Amino acid sequence: MTEIKYATTADKEMLLSKDSHIKENILIDTINNKREIIMLVDGCFAGWLRYNLFWDEIPFMNMLYFLEEYRGKGYGTQIVRFWENEMEKLGYDKVMTSSQANEFAQHFYRKLGYQDAGSFFPFCNDLEIIFTKEL
């Protein structure tokens, strides 16, 4: 059984132990602003989705991560669909995300209807592909 819900401050330590890409004060802000979504599978923490607003007006998914044992089982699709539905409820008509060109995630996003919108080399790293989707 899966449960998808907005993270609360009770989830903070668990998220910090799994996510090395965010500082504690920023995580607290994303939790307080309902921009951190978690998934539980049979009561166990499986993964999370975090977003912010691009140009302060377009929801931009900046983190989607599942623990190894939960990958490839459709949970990513479920949490992204949940997020897209929540964004529609909030009145947004489009969303964005990105993936490095060397990551499998680019194929996942395209399968979900996201379209390539451009790319760039951030700070001389690997090519980052920007994706958009109309809701």
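Hi everyone, let me start with the rule for ring pairs: rings of Phe, Tyr and Trp (its six-membered ring) pair if their centres lie within 6.5 Å, with planes under 30 degrees apart counting as stacked, over 60 as edge-to-face and the rest as tilted. This is a predicted model, where local features need pLDDT of at least 70 and side-chain atom pairs count only at pLDDT 80 or more, while totals for chains, interfaces and linings use all residues. Residues are numbered from 1 along each chain as its sequence is written, and side-chain values use heavy atoms, leaving out hydrogens and water.

By that ring rule, there are 11 aromatic pairs. Take Trp 48 and Tyr 65, a tilted pair at 5.0 Å centre to centre with 40° between the planes. Trp 48 sits in strand β3 and Tyr 65 in strand β4, so the pair ties together parts that are 17 residues apart in sequence; strands here are DSSP runs (E, at least two residues) and helices likewise (H or I, at least four), numbered from the N terminus.

Are these two buried or exposed? Trp 48 is buried, at 1% relative accessible area, while Tyr 65 is partly exposed at 33%. Buried means under 20%, exposed over 50%, and partly exposed in between (1.4 Å probe, protein chains only).

Then we have Phe 66 and Tyr 75: their ring centres are 6.5 Å apart and the planes meet at 25°, so this pair is stacked. Phe 66 is buried at 7%, and so is Tyr 75 at 15%. Elsewhere, ring pairs link Phe 108, Tyr 109, Tyr 114 and Phe 131 into a cluster.

On to the core. A nonpolar core is a set of buried Ala, Val, Leu, Ile, Met, Phe, Trp, Tyr and Cys residues joined through side-chain atoms within 4.5 Å. The largest one has 33 residues, and Leu 15, Val 80, Trp 83 and Tyr 114 have the most contacts inside it. Leaving aside neighbours within four places in sequence, Leu 15 is in contact (heavy atoms within 4.5 Å) with residues including Leu 27, Ile 38 and our friend Trp 48.

Strand β4 gives the most to the lining, seven residues. Thanks, everyone!
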